[in-house]
Amino acid sequence: MEISYRREMKRNYLVVEPENKEAAGYEARMLEENHIQGLLKMRIKYQEGQPLYYYDITSRQPLSRLLEKRFITKNEICTILMQLHSTLTRMEAFLLREEGILLEPDYIYMEPELFRLGVCLAPENEGDFQDQLSHFLQYILKRVDHKDRECVVLAYGLYQESLKENVTMEDLLRLTAAEGMKESYAAGDWDAAVDNQKEEGESREYCGSGSLVQPPGMAADLSDSAVDIQKPCLPFKKQLLLWLPVVLFLPAFIWAMKGKEALLEFRYILLAIDIGLLSLLMLGDVLMVKFGLMQGKEEKLCVLEEERKDSSWKILYEDVDESPPAPASHMYIQHIENEPKSWGSPERGPVPEHQLNKNTEETFQTALLSEPSYSSPLCRLTALQPGGEDILIGYYPFVIGKNKELADYVLSKDTVSRFHLRIDKEEERYLVTDLNSTNGTRVNNYSLEANETVEIKPGDEIYIAEIGYVFF
């Protein structure tokens, strides 16, 4: 199965060329004739008698790109899982198999504003869904902020659960403990609840307090928050119920047997007995509480020691920087090492991004700077239109678009996409990548395909939609 990207009539498509060269089967026809929420819209085109599957990714961005400069939140993890569960449920009604879903972050396309999921279902694909899900959750685990304890506990618990045999989406959703979404989940309408939450702008967390609902057999979590020691409370009410009968019964017994004179005679002895009994009960409570706290601390230390010795935990994080990402305007990110040494160019034609990233080991190294570092000569895009503003490129990668939160330079034009293009530097070469823009990117009158990367040199003309610049 080969994957490429194409642009047709201001629409961007992810194109899958199946290994089976025969005519499209049941799953392909079902996807083309029905729009299933949660799946990318698909249509079939034939090229020399061979079917090609075109998935509409216009105005969407891959999950890997959205998480390139920031961490994923607990809320977003829950949202993705709930939407994926709803998508699988809808697929069952159309007799579509989950094995065809591509869960690689590069092929999961999201609507950036609503964080709405769009996954690619490749007909006749024979993948292992549980294995893909486990790898996807491992990727999520690497994109959480390690200082966010609740998010780490949730992500690690989900990943550990996914490694079990015959795990289901219901098992994973049970871990999220989505307090604010239980009624919607019971009604089978997670997406409606997610949409309502996005539209109302509420800030509630889907995952409650962040503590995991632990299914039978699941190992105890290694986070401090998962091993909270419940402090015993003084059971004064129980002690009072034990003490009052003694206080009332003994005087009543003496009165009944010896009379009122005997009761007055032994009043000081009875008072001493009452005070002594109450003191003994309170002393017992204090000792029980102290012993319980000491035992709790020992148990917590044992758990933390096991966490320190857990090699699997270390392996999961050994290649991840724990520093939180800084704002784009104050951050230099060297996000790809050992990239392919041959890139596409206008003369050589389009090179799909998935081929550029194939067999690539990604290492994220983030340095927070008070001001961008200009140790090397700065590059710029000089506007061709009179009165246009030049774009100074102070670091790489450098994203241009009209998304005010994630773009390094905000170009507020109607024809410019939220993520339009990205400029990278590899050694002494400069590269420009079209980020699935609607109105396209041109380099020296060559129109880039969606997600295509080409090399640029000083003096090249770059058109962002219809806005022209010269690269220097």
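In strand 22, Y469 is the bridge partner of A383. This residue pair belongs to a predicted model, in which local features need pLDDT of at least 70 and side-chain atom pairs count only at pLDDT 80 or more, whereas totals for chains, interfaces and linings use all residues. Residues are numbered from 1 along each chain as its sequence is written, and side-chain values use heavy atoms, with hydrogens and water left out.

Strand 12 (residues 379-383) and strand 22 (residues 467-471) pair in the antiparallel sense over 3 bridges; two strands are taken to pair if DSSP finds at least two bridges between them. Both strands are part of an open sheet of 6 strands, arranged in the order 13-12-22-21-18-19 with antiparallel pairing. The edges of this sheet are strand 13 (391-393) and strand 19 (446-447), each of which pairs on one side only.

The protein chain as a whole contains 13 helices and 22 strands. Helices (H or I, at least four residues) and strands (E, at least two) are DSSP runs, numbered from the N terminus. Of the 472 residues of the chain, 47% count as buried, that is, under 20% relative accessible area, with exposed meaning over 50% and partly exposed in between (1.4 Å probe, protein chains only). Among the contacts in the chain with a separation of 6 or more, 65% are accounted for by residues 24 or more positions apart; contact means heavy atoms within 4.5 Å.

Helix 3 (residues 74-93) packs with helix 6 (residues 169-176) at an angle of about 150°, and their axes are 10 Å apart. Axes are lines fitted to C-alpha atoms, for helices over the stretch in contact, and angles run from 0 to 180 degrees between N-to-C directions. Helix 3 and helix 6 are therefore roughly antiparallel, given that angles under 35 degrees count as roughly parallel, over 145 as roughly antiparallel, 65 to 115 as roughly perpendicular and the rest as oblique. The contact involves C78, L81, M82, L84, H85 and L88 of helix 3 together with M169, E170, L173 and T176 of helix 6. These residues comprise 7 nonpolar, 2 polar and 1 charged, where Ala, Val, Leu, Ile, Met, Phe, Trp, Tyr, Cys and Pro count as nonpolar, Asp, Glu, Lys and Arg as charged, and the others, Gly among them, as polar.

Helix 3 also packs with helix 5 (residues 149-162), at an angle of about 30° and with the axes 9 Å apart. Helix 3 is therefore roughly parallel to helix 5. K74, I77, C78 and L81 of helix 3 meet E150, C151, L154, A155 and L158 of helix 5, a contact with 7 nonpolar, no polar and 2 charged residues.
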